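Open your viewer and keep the selection tool at hand. This tour goes stop by stop: what to select, then what is there.

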Amino acid sequence: MTQFRALLMQADGRPEVTEIDDDRLPAGDVTVDVEYSTLNYKDGLIVTRQWDAVKRWPHVAGIDFAGTVTASDDPRHAVGDKVVLTGWRVGEMHWGGYATRARVKGDWLVALPKGLSTRDAMALGTAGFTAMLAVMALEDHGLTEGEVLVTGASGGVGSVAVALLAALGHTVVASSGREAVNDYLLGLGATRIVSRADLAEPPARPVDHEQWAGCIDSVGGMTLARVLTQMRYGTSVAAVGLASGAELSTTVLPFLLRGMNLLGIDSVMCPVPLRQRAWDRIAQDMPMDKIRQTVTEVGLGDVPDLAEAILKGGVRGRTVVNVTA
Ligand code: NDP
């Protein structure tokens, strides 16, 4: 019997790095030796138990991972293949990426596109994949010239969205609550920064001055309500997250008077063809040199503290977890 290392969560107490026997891995048809996972907002909620997603204990969190197939009953994934996993409630309902080994359904895995390393795949991870889905949704709804707003810009989704939109030639305006990150956001390709506080006030009127040609919003709440009133005619907001809250207080007027769209982005149960299309676009268009600059690499033992920090908006860019370190 071989063993693997995992950040094991018990029903109570602090998660601890522990050696675990292979036979405790959950059922699945593909076994992967995990190289990298990441820390996302959702991981923060799960690891700190602020979200009641985990039903079976003990648990291994980590909503995404990349690694190498070491055993497979699925003809699509051969031993030695590099694969990436995001979503499918892995890390919530099923043991996830905070371990050196994972066993999952072959359906959940995507073959790593050529040119992307496992570290690059996790430099993007769920956040980067979601940013790509959001950009594709805006494009599918006719993203045109003009300023594109990214809220929660210094976060994981926001940082990748800023870099990606800029690389695609769009004029990007980044909204952030931290002045200290202004240079970082300009370096990613933002043309100017607006303060998070300016967008967090309740809307002045049902429809306001037309400003944005598109928006990727990872904040939700009052920010989203305000942004909806500022969209140009016929444009779209891709709603990704709820870092400032799940409530949305708005009127139908921006939709009726501005013919605008509110596009929901779901990376978790995203269908396989769209998933593959997004990873192919990532391999083609993602400015990996810029994305690598956003990465902080940590080990499994660092995750509990960082999980608390990310929920307070205290993590910048992408946090990659090197599970073998
Ligand atoms: P991060 O914590 O990395 O980024 C969130 C950013 O939002 C922060 O960096 C901060 O940016 C801003 N922020 C934090 N708290 C507040 C607040 N109270 N009010 C306003 N802004 C705030 O998280 P991720 O980028 O990983 O995820 C962002 C959101 O997207 C989360 O809600 C997450 O659950 C969701 N998500 C959804 C997915 C989907 O499939 N739909 C997939 C992935 C994530 P700044 O300081 O620059 O303002």
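Begin with aromatic pairs: the structure holds 1. Rings of Phe, Tyr and Trp (its six-membered ring) pair if their centres lie within 6.5 Å; planes under 30 degrees apart count as stacked, over 60 as edge-to-face and the rest as tilted. Select Phe 129 and Trp 279: this pair is stacked, at 5.8 Å centre to centre and 10° between the planes. Helices (H or I, at least four residues) and strands (E, at least two) are DSSP runs, numbered from the N terminus. Phe 129 and Trp 279 are both buried; buried means under 20% relative accessible area, exposed over 50%, partly exposed in between (1.4 Å probe, protein chains only).

A note on what you are viewing: this is a predicted model, where local features need pLDDT of at least 70, side-chain atom pairs count only at pLDDT 80 or more, and totals for chains, interfaces and linings use all residues. Residues are numbered from 1 along each chain as its sequence is written, and side-chain values use heavy atoms, with hydrogens and water left out.

Next, select Ser 37 in strand 3. Is Ser 37 buried or exposed? Ser 37 counts as buried because its relative accessibility is 0%. Its side chain reaches the backbone oxygen of Asp 64 at 2.6 Å. Beyond its neighbours within four places in sequence, Ser 37 is in contact (heavy atoms within 4.5 Å) with residues including Phe 65, Tyr 98, Met 122 and Val 321.

Stay with the strands here. Strand 3 (residues 30-39) runs antiparallel to strand 5 (residues 64-72), joined by 7 bridges; two strands pair if DSSP finds at least two bridges between them. Tyr 36 has Ala 66 of strand 5 as its bridge partner. Strand 5 is also joined to strand 6 (residues 82-86) by 5 bridges, again antiparallel. There, Asp 64 stands opposite Thr 86.

Now show the open sheet of 6 strands, ordered 11-10-9-12-13-14 with parallel pairing. Its edges are strand 11 (192-195) and strand 14 (261-264), each pairing on one side only. Select strand 13 (residues 236-239): 4 bridges join it to strand 14. Val 237 has Leu 262 as its bridge partner in strand 14.

How values were computed:
A polar contact is a pair of N or O atoms within 3.5 Å; within protein, one must be able to donate a hydrogen and the other to accept it, and residues adjacent in sequence count only if both atoms are side-chain atoms.
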